Amino acid sequence: MDELGNFASKSFIEQVELLEDIEKKKEDAAIPGLVELCKKSDPSDQAAVMAENTLRSLLLENEAQTVKCLMSDHGNIKKISLQVCCRKKFPSAAPVLLKLFTDLMSEQTSEMASGELMSDELNPRYKEGFEILSALVLIQPPEALGIFRQNLHNKDSLIASLSIEAVGKYNDVDSVDALCKIVEESEAGDRYEQCDLTVAGAIDSLAMIHTDKALSFLASKIHHRNPVARRIIHAVFPRLGPETIRFIAPFIYEDNTDLKIMAVNLLGTIGDKKGVDCIEEAIDKGIADHPNVKFAVYEALGKIFSIRSLVRLVDGLFEQEPSLLIAVISSLNHQINPGVVKKLKNMIDKGDDQSSRLINAVVAARALSLFESLYEDQAIGDKMVDVIIKSSDRGFCGAFLKKLKSIDSKRAESDRDKISSVSSVLLKKRVLIVDDSESMLAFYRSIASAMGLSVITAENGRKALDILEEDKLFDLILTDLNMPVMTGIELTQKIRTDPSVEKIPIVVVSTESEESQEQLAIKMGADDFMKKPFTADQLQVKIKTLI
């Protein structure tokens, strides 16, 4: 276009109007002129930047011209066309991209290892190679697979990560061994302390390929030494569904208690009735003797609705350990039926020690459905209200107040008044408790409330950070280690790098028996580490030492 030929002589307003008009009319004839302008562009020149945007806008709708620009010797033009290729995934760009990458590889100096792209991120050739690979990952031409295979173990983590992501998208079965090796090697020595991009990518790609070999390997790593890698692996099996149960179930029988717990947890998260069959069979063979495994079993059964899980949970009403009984009650609260309520009433009516434990567990678990059904019995209702009144936790009392408001009776109204008078008390010391287990949150809350502490809860590290963003006045943070979304280790690291909350004491709690996990928690900034199981008294002592 002639008007672009004297672009520099125009006023800024005229330049803007011209570029806007070209873009609005989608004048492809202007592309050559825009290319020449962009070759001379100055990053500090606003009009030049607008010219680049106009060229990019036209190329987005013109595959042929984009590919032509991709072959330009000018770095800026090539960069713009590469960006367009990444966004639009133009198939015809693939041969050119492959040639560009091959030529780039052949230009490597003798200092670079054979078959690897230079890892100096400040080097223009590195940046160009990275952009080319990014475009190839998105376009996925069959002929590029070999390049990605060659770079799975590239010393540069970004190049390796792109290649790892690519073989997953290609569903490349032949890359499974290499991906497994990446995950396997990440546990060696002190490498387990970090889960880098390549490890996370290898896990995701194995999940995308999901052959029996890939899934068997991932199942064997459900207790990966790095908590973040564990979190990513644990997310794979529920996402792929019930068909993955056969890979998880064998690990219930391992001698390693941690493996048993994680296998049971995953079966519960998958939520299929086949998981109940696996758990029941394992229980019959005596694998649930350890209290941590037993806790995991009760929680898992609460997530899988079936007659068999309900029967096992009802049997669990005879548990005496508070945390186990809370897990049973929490799970039954999700599967409530008249038979469960009748069984509970009969046990509570006996007036023995177990009766008291059951009432405390229903209240501690905030099992509101069970509470409402049991409240119909005045004697039981009065006992539960007495336990609630003894609590000094405003949030805890509030849940029962809300439930009582839905019950239209004089007795419920009277009980609301009694609880309200207690729940109005504002406590001075505050604890943030973070755990993905509803039962464990209830257990911790009951202990902290009994100590006169105000409690706020979060179901994972991300939720905890959201709370801390708005409210920083906590005297203690008690966090589980293994959680979805964000682990306790990740949460600890982020808190310790935030000056506004970095001084808050942190206790990491876990079923983990490996010393390496405790060492990692302390190294990342935790003040203390507690291994489950522990009693209420032990937890109280720990809290008192830090508050």
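Helix α3 (residues 31-39) packs against helix α6 (residues 75-88) at an angle of about 120 degrees, and their axes are 8 Å apart. The axes here are lines fitted to C-alpha atoms over the stretch in contact, and angles run from 0 to 180 degrees between N-to-C directions. Helices and strands are DSSP runs (H or I of at least four residues for helices, E of at least two for strands), numbered from the N terminus. The two helices α3 and α6 are therefore oblique to each other; angles under 35 degrees count as roughly parallel, over 145 as roughly antiparallel, 65 to 115 as roughly perpendicular, and the rest as oblique.

Please keep in mind that this is a predicted model, in which local features need pLDDT of at least 70 and side-chain atom pairs count only at pLDDT 80 or more, while totals for chains, interfaces and linings use all residues. Residues are numbered from 1 along each chain as its sequence is written, and side-chain values use heavy atoms, with hydrogens and water left out.

Which residues of α3 and α6 meet? From α3 come V35, C38 and K39, and from α6 come N76, I77 and I80, where contact means heavy atoms within 4.5 Å. By class, this contact has four nonpolar, one polar and one charged residues. Ala, Val, Leu, Ile, Met, Phe, Trp, Tyr, Cys and Pro count as nonpolar, Asp, Glu, Lys and Arg as charged, and the others, Gly among them, as polar.

Now for another helix pair. Helix α13 (residues 212-220) and helix α14 (residues 227-240) have axes 9 Å apart and pack at an angle of about 135 degrees. That makes α13 oblique to α14. On the α13 side, L215, L218 and A219 take part, and they meet I233, V236, F237 and L240 in α14. The residues of this contact divide into seven nonpolar, no polar and no charged.

Along with L34, I222 and I329, F237 touches the most other members of the largest nonpolar core, which has 168 residues. Helix α16 (residues 257-270) gives the most to this core, with eight residues. Such a core is a set of buried Ala, Val, Leu, Ile, Met, Phe, Trp, Tyr and Cys residues joined through side-chain atoms within 4.5 Å. Buried means under 20% relative accessible area, exposed over 50%, and partly exposed in between (1.4 Å probe, protein chains only). Leaving aside neighbours within four places in sequence, I329 is in contact with residues including L317, L344, L358 and L370. Apart from this core lies another of 24 residues, with L432, I489, V501 and F529 among them.

I489 also belongs to helix α29 (residues 488-496), where G488, I489, E490, L491, T492 and I495 are buried. What covers these buried residues includes α14, β1 (430-434) and α28 (461-470).

| Residue | Phi | Loop |
|---|---|---|
| Q140 | about 55 degrees | between α8 (124-139) and α9 (145-150) |

One more loop deserves a look. The peptide bond from K532 to P533 is cis, with omega near 0 degrees, and P533 sits in the loop between β5 (528-531) and α31 (536-546).
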